[in-house]
Amino acid sequence: MSVTLKVATKKLIIRDLIADLGQRILDGGQITRDEALELINIESNADIMDLLSWANRIREHYKGNKIHLCSIVNAKAGACSENCSFCSQSAAYQTGSPRYGFVDPEPVEDAMSEAKENNVTAVGLVAAWRGLKEGPMLDEVCDRIREMKENGKSRPDASLGLIETQTVADRLKEAGLSCYGHNLESSRRFFPEHCTTHSFEDRIKTIQFLKNAGIKICSGGIIGMGENREDRIDLALEVRAIDASVVPVNILNPIPGTPLEKQEQLPPMEILKTIALFRFILPQKEIMIAGGRTVNLRDMQSMIFTAGASALMVGNYLTTLNQPVEKDLQMLKDLGLDPDWDNDFADQISNGTNCGSSCNSTKKTTEALLPV
Ligand code: SF4
């Protein structure tokens with residue numbers, strides 16, 4: 001066979017593979033780890049565009065034109081005991097990031113009002129500390145959640161680190177919490193490369209306590225930390241195994257003073273391809289593009305929806321700036337997308353049990369999720 005013919009045949013095979021897998025997902029099926037690896041190793045821009053177009057079709061099929069918006073309130077900043085190498089709030093690094101104690105009711109009320117004005121579905125209370133234990137701080141956290149629930153202008157979410165007992169998770173549920181953010185951050189293999197003060201397994205255990213309490217899970221990770229493509233696929237498969245309802249995809253914004261300050265940024269097409277793979281692996285979930293989108297994607301930000309994203313973090317991030325909410329809302333309007341999201345995850349059906357035979361990391365996680 002001539003070289004030209006071989007190249008043409010390979011292109012056709014890749015295009016057919018994308019279409020076959022895309023159609024399988026539209027028909028309610030799942031993609032295996034080996035198939036996902038095949039797709040994430042696509043290199044040509046023309047093929048990546050094909051992949052994005054199928055991811056867009058899958059998003060529209062399962063999500064219509066609805067987009068779930070979230071915002072966050074930094075409820076306690078800086079001086080964190082953990083050493084996550086991407087984070088400016090760790091006490092281990094000199095970053096000049098602000099430090100303050102637990103938030104008063106007023107800034108939370110302001111965030112709820114702003115969320116209501118901008119059609120933002122959820123406001124997350126986010127604290128920079130290792131985790132939440134029983135005691136006076138848990139009482140204060142529960143007070144804030146109760147106030148947010150009573151305020152009613154947006155859904156009260158929280159991201160408060162590790163949880164080590166069922167009682168803590170149950171108290172949060174009683175206070176009115178419906179969704180908890182706890183990223184797995186990266187694959188099980190890569191996790192010790194960016195954090196040594198707690199483990200991937202600690203994060204899985206936290207998620208199990210929350211699920212036992214009947215709290216929905218918001219869990220994804222950060223790409224661009226030096227992990228490889230296989231790690232990104234394994235992260236998506238782990239997220240599929242824990243059945244998270246919202247899946248944040250953050251893109252590293254290297255912060256001066258952190259160990260990752262000189263980390264080379266991922267090319268935008270690689271980021272979009274990864275988002276598309278998350279949509280292929282998690283077809284019914286709210287895939288939310290969060291930190292790092294403005295700095296990494298620049299003019300290509302609107303393509304995240306073509307790549308399959310169905311949710312967006314708006315407003316400023318914990319320690320870095322985002323583009324103004326008005327600009328994001330205009331972007332959605334221009335794309336014919338609707339932020340008026342009120343389905344309460346009713347369109348998500350658990351799909352964590354029908355993985356292909358090569359989906360080893362999912363099996364490992366499922367074992368880890370046995371009652372603790
Ligand atoms: S990511 Fe969270 S746990 Fe890790 S250092 Fe930052 S604030 Fe602490």
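Let's start at Ala-79, which counts as partly exposed because it has 15 C-beta neighbours inside 10 Å; a buried residue would need 20 or more, and an exposed one 12 or fewer. Please keep in mind that this is a predicted model. Ala-79 sits in the loop that links β1 (68-76) with α4 (105-117). Although Ala-79 is not a glycine, its phi is positive, at about 60°.

Phe-345 is worth a visit too. This residue is not a glycine either, yet its phi is positive, at about 65°. You will find Phe-345 in the loop between α13 (325-334) and α14 (360-368). How many C-beta neighbours does Phe-345 have inside 10 Å? The count is 15, so Phe-345 is classed as partly exposed.

## Around the ligand

Which residues surround the ligand? They are Cys-80, Glu-82, Cys-84, Cys-87, Gln-89, Ser-90, Ala-128 and Gly-161.

Sorted by class, this shell holds four nonpolar residues, three polar ones and one charged one. Cysteine and alanine count as nonpolar, so Cys-80, Cys-84, Cys-87 and Ala-128 supply the nonpolar part of the shell.

## Where α2 meets α9

Now to a pair of helices. Helix α2 spans residues 33-40 and helix α9 spans residues 229-242; they pack at an angle of about 135°, and their axes are 10 Å apart. That angle makes α2 oblique to α9, because only angles over 145 degrees count as roughly antiparallel, and 65 to 115 as roughly perpendicular. The crossing of α2 past α9 is right-handed.

On the α2 side, the contact is made by Arg-33, Ala-36, Leu-37 and Ile-40. From α9 come Arg-229, Glu-230, Arg-232, Ile-233 and Leu-237. Taken by class, the residues of this contact comprise five nonpolar and four charged ones, with no polar residue.

## The chain as a whole

Among the contacts in the protein chain with a separation of 6 or more, 81% are between residues 24 or more positions apart.

How values were computed:
Residues numbered from 1 in each chain as written. Predicted model: local features only at pLDDT ≥ 70, side-chain atom pairs only at ≥ 80, totals over all residues. Near = placed C-beta within 6 Å. Axes fitted to C-alpha atoms, helices over the stretch in contact; angles between N-to-C directions. Helix = DSSP H or I, 4+ residues; strand = E, 2+ residues; numbered from the N terminus. Parallel < 35°, antiparallel > 145°, perpendicular 65-115°, else oblique. Left-handed = near helix turned anticlockwise from the far one by under 90°. Contact = placed C-beta atoms within 7 Å.
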